[in-house]
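Hi,

Here is the model I promised to pass on.

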Amino acid sequence: MFAYLAFKALTGRYPDALQSAQQETPWKFDSTLGLPYLKAAEGTFNKGHGVYAATVKEAQEYADEHSGDVYLVAPLPGMQAVVGETGWRAEAAVCLGRLTEENAPQIARLVLTAHSQGLPQVKDVLCWAIEQVCLEAW
């Protein structure tokens with residue numbers, strides 16, 4: 001489980017050939033985690049650099065603009081992050097997988113489960129997750 005689950009527009013092939021949609025920064029693959037990750041250059045986080053993630057809506061706008069897809073991401077545990085109501089900027093992040101129409105309810109339940117276990121979440125992402133679960137119940 002991860003804290004502060006959020007969304008990011010990425011292009012390329014998951015899991016080993018992703019890049020940030022807007023900046024075109026390549027993500028590396030961590031074979032121990034079995035997941036792609038991205039770290040800000042050493043010493044740049046305090047200068048406002050880092051990996052950014054936000055709501056589904058914002059990530060989708062970037063994905064549409066750059067012919068990418070929306071992915072579920074989280075700050076890499078143990079690294080610095082600045083969190084707001086609509087997203088975060090982290091020193092490093094891990095990509096957990098692509099968001100699709102089919103798996104959106106599953107991802108929403110993951111966000112809610114993490115929250116129920118005491119892991120803090122981005123307010124607007126948590127609201128999205130509640131909305132998804134409610135829509136699924138209809």
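Which residue takes a positive phi in the hairpin of β3 and β4? Gly-34 does, with a phi near 75°, and the hairpin has four residues between the strands.

Before the rest, some housekeeping. This is a predicted model, so to speak of local features we need pLDDT of at least 70, and side-chain atom pairs count only at pLDDT 80 or more, while totals for chains, interfaces and linings use all residues. Residues are numbered from 1 along each chain as its sequence is written, and side-chain values use heavy atoms, with hydrogens and water left out. Helices (H or I, at least four residues) and strands (E, at least two) are DSSP runs, numbered from the N terminus.

Strands β3 (residues 28–30) and β4 (residues 35–39) run antiparallel and are joined by three bridges; strands count as paired if DSSP finds at least two bridges between them. Asp-30 stands opposite Leu-35 in β4. β4 also pairs with β9 (residues 92–98), again antiparallel and over three bridges, with Leu-38 having Ala-93 as its bridge partner in β9.

There is also an open sheet of three strands, in the order β5-β8-β7, with antiparallel pairing. Its edge strands, β5 (51–53) and β7 (81–83), each pair on one side only. On average, neighbouring strands here are turned by 15° against each other, direction ignored (axes are lines fitted to C-alpha atoms, for helices over the stretch in contact, and angles run from 0 to 180 degrees between N-to-C directions). Three bridges hold the pairing of β5 with β8 (residues 88–90), and Ala-53 has Trp-88 as its partner in β8.

Now the aromatics. The structure holds two aromatic pairs (ring centres of Phe, Tyr and Trp, for Trp the six-membered ring, within 6.5 Å; planes under 30 degrees apart are stacked, over 60 edge-to-face, the rest tilted). One is Phe-7 with Trp-128, edge-to-face at 5.1 Å centre to centre and 70° between the planes. The two sit 121 residues apart, Phe-7 in β1 (residues 6–13) and Trp-128 in helix α3 (residues 123–137). Phe-7 counts as buried because its relative accessibility is 1%, and Trp-128 does too, at 14% (buried is under 20% relative accessible area, exposed over 50%, partly exposed in between; 1.4 Å probe, protein chains only).

Tyr-14 and Tyr-71 make a stacked pair, 5.9 Å centre to centre with 20° between the planes. Tyr-14 is in the loop between β1 and β2 (17–20) and Tyr-71 is in β6 (residues 69–75), so the pair ties together parts 57 residues apart in sequence. Tyr-14 is partly exposed at 29%, whereas Tyr-71 is buried at 3%.

Leu-99, in the loop between β9 and α2 (104–116), is worth a click. Leaving aside neighbours within four places in sequence, its contacts (heavy atoms within 4.5 Å) include Phe-7, Tyr-71, Trp-128 and Val-56. Leu-99 is buried, with a relative accessible area of 13%.

Val-56 leads on to helix α1 (residues 56–65), whose buried residues are Val-56, Ala-59 and Ala-63. These lie on the same side of α1 because they cover an arc of only 70° around the axis, taken from the directions from the helix axis to the C-beta atoms. Lys-57, Asp-64 and Glu-65 are exposed on the other side.

Cheers
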